[in-house]
Amino acid sequence: MNGKSLRATALMALTALVSGCMVGPHYHRPSVPVPAQYQELAGWGAAMPQDAAPKGDWWIDFHDSLLDQLEPRVAISNQTVRQGYANYQQALAEVRVARSELFPTIGVSGSVTRAGGPGYNSANLVTGRTGGVVNSASLEGTAGWTLDLWGRIRRTIEQNAAIAQADAATLANATLSEQILLATTIIQLRITDANIELQRKTVQAYEEALRITKAQGTAGISTAPPSAVITAQVALETAQANLVGLGVARAQYAHAIAVLVGKNPEDLAIPPAAAVPTLPEVPIGVPSTLLQRRPDIAAAERTMAAQNAAVGVAIAAYYPTLSLSAADGFSQSPLNGLLHTANHIWSLGASGSETLLDFGARHGQVLAARAAYEGAVAAYRAAVLSAFEAVENDLSGLRILAEQAQSLDIAVRDATRGAQIALAEFEAGTVDYTTVAQAQQVLWADQQSALTVAENRLVDAVALIGDLGGGWSDSQLQGPPQPQIAKSSEAQSP
């Protein structure tokens, strides 16, 4: 058998060997208990169609221009998202590295040597002459291949691919989390602006009360003693101080918003707007959809798959390693005629290795890999349970806050009427200022509580959207699209 036939036969045999067994457990997603419906969803019926679930730009349902303007920038400029994208790209590169081990490494080498000295070559030896110079050269192609007989490389590819998918889900989760945080911060900013407007009206009301009190004191009306003027003055000054203090909270929210979209605080100016975002209706669906719509659950599941593959990698260490090598080329001395058929050389070789005694090292590695897998299973199930808990909390919060908001609307309406009556009676001199102050204080407290409840309802709605996955689906992991950050020249700049 000539060299070419031998090499072809060896290649066929190797192909058959590589397609052999793959040790280690095959992955099956562990089951988790999933309730048929959410406990807090009153009047639960058939789930809404999946196409009604929030997808993509979920924030537009809040009808806030600042949300519409800034939310798309999170996926492009937010530094936490950029870090997650870099981790994802690194994981993809690790998959390529692992996949390359399935194929042989091929190289080429060449050398040229010029040497001389007394009696250096055979021609000089025959003639007896000295001082000969000889040129020699070689040109050789090499190939090496470590066979994946037991599936170690394939399990490594499986592990790295699952890690890459987990990183893709982690990137999606980081993007969603930062978007939820931005929406929450914008809502807090809007509520602060509404509070500032409410406090301005409160200052105006106290200014009017002080004017009336002073006027009555000047006129000598018995219902307006000097202490009433002092009380009205203190109420006004307190309201003015509260108004100034709200500016600190607003500035901090504005700075946080700038950082979330990747800007320096001084580079983003947000004008005041007393309008509060609209409370959206969020389609809930059934609990089982959380397993597909939550990126953090998908990340935990893919981590579980990666740990399962790691068990196979550890088990493969029990089996021998077989490597093949081949070389084909030319060698000639002297240099003339290097590529002639007579100068052709080739070689084939094989080497194997097997650890006979390691004092339990491989066994310990397998046990560690199995324990890591069991830990990943527990983390996955914990993520699912936490997701159900979060949704139930959001639903209960929205239900209870809606009832509280209705009660406060009535209270604010009645308190407004009561403050108007008290001020009119005080101006007419039928009641003292204490009645006015108490009525105005009740009104301000009820209005403040109403704004707080409105804020909590909006924040709960945002949290519910995030806890439902924000429209994300684990089907994106089958062929993850390039994140928006990859398409932005701003994001690619250091």
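This briefing describes selected features of one structure, grouped by topic. The structure is a predicted model, in which local features need pLDDT of at least 70 and side-chain atom pairs count only at pLDDT 80 or more, while totals for chains, interfaces and linings use all residues. Residues are numbered from 1 along each chain as its sequence is written, and side-chain values use heavy atoms, with hydrogens and water left out.

- Trp58 and Trp59 form an edge-to-face pair, because their ring centres are 5.4 Å apart and their planes stand at 75 degrees.
- Trp58 and Phe62 also form an edge-to-face pair, with ring centres 6.5 Å apart and planes at 75 degrees.
- Trp58 is buried at 3% relative accessibility, where buried means under 20% relative accessible area, exposed over 50% and partly exposed in between, with a 1.4 Å probe and protein chains only.
- Trp59 is buried with a relative accessible area of 4%, and Phe62 is buried with a value of 0%.

- Arg399 lies in helix H9, which covers residues 361–428; helices (H or I, at least four residues) and strands (E, at least two) are DSSP runs, numbered from the N terminus.
- Arg399 is partly exposed, with a relative accessible area of 35%.
- Although Arg399 and Glu40 are 359 residues apart in sequence, their C-alpha atoms are 8.2 Å apart in space.
- Helix H10 (residues 433–467) has 35 residues and reaches 50 Å from its first C-alpha to its last, close to the 51 Å expected at 1.5 Å a residue, a span defined as 1.5 Å times one less than the number of residues.
- Gly469 follows H10 and has a positive phi, near 100 degrees.

- Leu357 is placed in the loop between strand E4 (344–353) and H9, and Leu357 counts as exposed at 61% relative accessibility.

Technical notes:
Rings of Phe, Tyr and Trp (its six-membered ring) pair if their centres lie within 6.5 Å; planes under 30 degrees apart count as stacked, over 60 as edge-to-face and the rest as tilted.
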